Amino acid sequence: MLTMVIIAVVVIVLAILLYLGRGRTRGSGGQGLKGRFGPEYARTVAAHDGDTKAAEQELGARVKEHGSLTEQPLSPAAHERYVTRWDAIQEQFVESPQQAVIEADALLARLARDRGFPDGERFDDQIAALSVHHSHYVQGYRDMHTAARDQSGTEEMREAMVEARSLFEALIAGQPAGSASDRHHPQSPDGNGHAPWALSRRHTKGSST
């Protein structure tokens, strides 16, 4: 009889420990995703109307599908071509904002593809993969992609392109996923973190300042 009681107690204790262990796993998984995705975590929760569980399932699926992706290096020549083309597009923005945004969107899609991400023709797949490796920068790319297809105002296009530049520079620089530098905007050409002059408010076409 005593043996049966001991066995029952052991079974109950093991069941409790297993339950608590699962709870900690779920919690740490949520915290891990929150830390990894940063603002993308909050955006995904909002997209699921505050359903944290559904958002974490989606983010977990992204990590499972794209987490093992290895970013491919760019050749020096390709690196130079991309930088030169982006600078030209910035200059073009002053006279033709909509066309500049369209071309910047296409250029960023090609750059992501060349770095090993899904092709830009599958934008949802590409943005999902990018969010796993460059979560702090993908919203600007989303906004620019939307601006390239909608009749957005000049100021909206300017802001989207400035934000998208952060992802462009992260991909050009080849920053490793999860690095400390991937949580801050990359340095802009003037060395002080300022927006490129061609996209600054005072140079936007139609501005009175």
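Q: Is F123 buried or exposed?
A: In this predicted model, residues under 20% relative accessible area count as buried. F123 has 14% relative accessibility, so F123 is classed as buried.

Q: What is the relative accessibility of Y141, and how is Y141 classed?
A: The value for Y141 is 1%, and Y141 therefore counts as buried.

Q: How are the rings of F123 and Y141 arranged?
A: Planes over 60 degrees apart count as edge-to-face. The ring planes of F123 and Y141 stand at 75 degrees, with centres 5.2 Å apart, so this pair is edge-to-face. Because F123 belongs to helix α6 (residues 123-133) and Y141 to helix α7 (residues 138-147), the pair ties together parts 18 residues apart in sequence.

Q: How many aromatic pairs does the structure hold?
A: There are two aromatic pairs. One of them joins W86 and F168, which are stacked at 4.4 Å centre to centre with 20 degrees between the planes. W86 sits in helix α4 (residues 76-93) and F168 in helix α8 (residues 154-173), so parts 82 residues apart in sequence are tied together. Both W86 and F168 are buried.

Q: How does one describe two packed helices?
A: The description uses the angle between their axes and the distance between the axes. Here, helix α2 (residues 39-47) packs against helix α3 (residues 52-66) at about 125 degrees, and their axes are 8 Å apart. The two helices α2 and α3 are therefore oblique to each other, and their crossing is right-handed.

Q: Which residues make the contact of α2 with α3?
A: Helix α2 contributes E40, Y41, R43, T44 and V45, while α3 contributes T52, A55, E56, E58, L59 and R62. By type, the residues of this contact comprise four nonpolar, two polar and five charged.

Technical notes
Residues are numbered from 1 along each chain as its sequence is written. This is a predicted model: local features need pLDDT of at least 70, side-chain atom pairs count only at pLDDT 80 or more; totals for chains, interfaces and linings use all residues. Side-chain values use heavy atoms; hydrogens and water are left out. Axes are lines fitted to C-alpha atoms, for helices over the stretch in contact, and angles run from 0 to 180 degrees between N-to-C directions. Helices (H or I, at least four residues) and strands (E, at least two) are DSSP runs, numbered from the N terminus. Angles under 35 degrees count as roughly parallel, over 145 as roughly antiparallel, 65 to 115 as roughly perpendicular and the rest as oblique. A crossing is left-handed if the near helix is turned anticlockwise from the far one by less than a right angle, and right-handed if clockwise. Contact means heavy atoms within 4.5 Å. Ala, Val, Leu, Ile, Met, Phe, Trp, Tyr, Cys and Pro count as nonpolar, Asp, Glu, Lys and Arg as charged, and the others, Gly among them, as polar. Rings of Phe, Tyr and Trp (its six-membered ring) pair if their centres lie within 6.5 Å; planes under 30 degrees apart count as stacked, over 60 as edge-to-face and the rest as tilted. Buried means under 20% relative accessible area, exposed over 50%, partly exposed in between (1.4 Å probe, protein chains only).
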